[in-house]
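Hi,

Here is the structure I promised to pass on.

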Amino acid sequence: MDALKVLKERRSVRSFQNRAVPREVITDIVDCGRLAATARNLQPWEFVVVTEAGTREKLAEITDYGKFIAQAPVCIVVFCRETKYYLEDGSAATQNLLLAATACGLGSCWVAGDKKPYAEDICRLLNAPAGYRLVSLVAVGYPAEKPSPSKRLLSEVLHWEKW
Ligand SMILES: Cc1cc2nc3c(=O)[nH]c(=O)nc-3n(C[C@H](O)[C@H](O)[C@H](O)COP(=O)(O)O)c2cc1C
C-alpha cells in the first residue's frame with residue numbers, strides 16, 4: 001500500500017478474526033519498529049512477540065483497557081531501556097508497528113504501558129531485565145471491524161507561519 005494511504009487509513013482495531021498471522025509478517029512488522037527515529041540513535045527498544053494464548057490472556061487480564069489482547073492472535077510488547085528519551089523512542093517504534101501492520105493488511109491497537117500501574121507486573125510476567133520500562137502493547141491480527149473514529153479537521157489544526 002502507498003505510504004500516505006497507510007498513514008491516512010490506519011485506525012485502532014480491537015476486534016480480530018480467529019486467524020493466525022504468519023511469523024514472517026510479524027517479523028517484518030518488528031523490523032519496521034526497530035527502524036524508527038530515535039534520539040542520538042540509541043535504539044533503546046526491545047520487542048517481545050507474544051502469540052501463546054495463556055500469556056495473552058494474562059496480559060489482557062492485567063491491563064485495564066486491553067482486554068481484547070486475549071482475542072488478538074499476536075501482541076507485540078515494546079520495552080525500552082530507561083534512557084532520557086525512552087518514551088519518545090518507544091512511541092516512535094510503536095507507531096511504526098501500527099503503520100507496518102496496516103500496510104500488511106492487519107489491524108492493530110496501541111495499549112498503554114508506560115505510566116500505567118500494571119507496567120511493573122507486565123515487566124515481571126515477560127521477564128524484562130532491570131532498567132527496562134514498558135512502553136506499549138500492540139495487539140495485532142486480521143481485522144474483524146473497520147472503525148472510523150472522528151478526527152479533528154486539518155483546517156482546525158494547521159497553522160501556517162504562526163499560531
Ligand atoms: C499512548 C496511547 C495509549 C493508548 N492506550 C489504549 C488502550 O489502553 N486501550 C485502547 O483500546 N486504545 C488505546 N489507545 C488507542 C487510542 O484509543 C486511539 O488511538 C484513539 O482512540 C484514536 O483512534 P485511532 O487510533 O483509530 O485513530 C492508545 C493510544 C495511544 C497513543
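Predicted model: local features only at pLDDT ≥ 70, side-chain atom pairs only at ≥ 80, totals over all residues.

Residues are numbered from 1 along each chain as its sequence is written.

Four strands make an open antiparallel sheet in the order E1-E2-E4-E3. Strands (E, at least two residues) and helices (H or I, at least four) are DSSP runs numbered from the N terminus, and two strands pair if DSSP finds at least two bridges between them. E1 (45-50) and E3 stand at the edges with a single partner strand each, so one side of each has no neighbour in the sheet.

E2 (residues 74-81) pairs with E4 over eight bridges, and Val77 stands opposite Leu137 there. E3 (residues 107-112) and E4 share six bridges, with Cys109 partnered by Ala139. Nine of the ten residues of E4 (residues 132-141) are buried, so this strand is largely enclosed by the rest of the structure; buried means that 20 or more other C-beta atoms, placed from the backbone, lie within 10 Å of a residue's own.

Now the ligand: the residues around it include Arg11, Arg14, Tyr65, Cys109 and Trp110, counted when the C-beta atom, placed from the backbone, lies within 6 Å of the molecule.

Best wishes

Key:
Buried ≥ 20, exposed ≤ 12 C-beta atoms within 10 Å, placed from the backbone.
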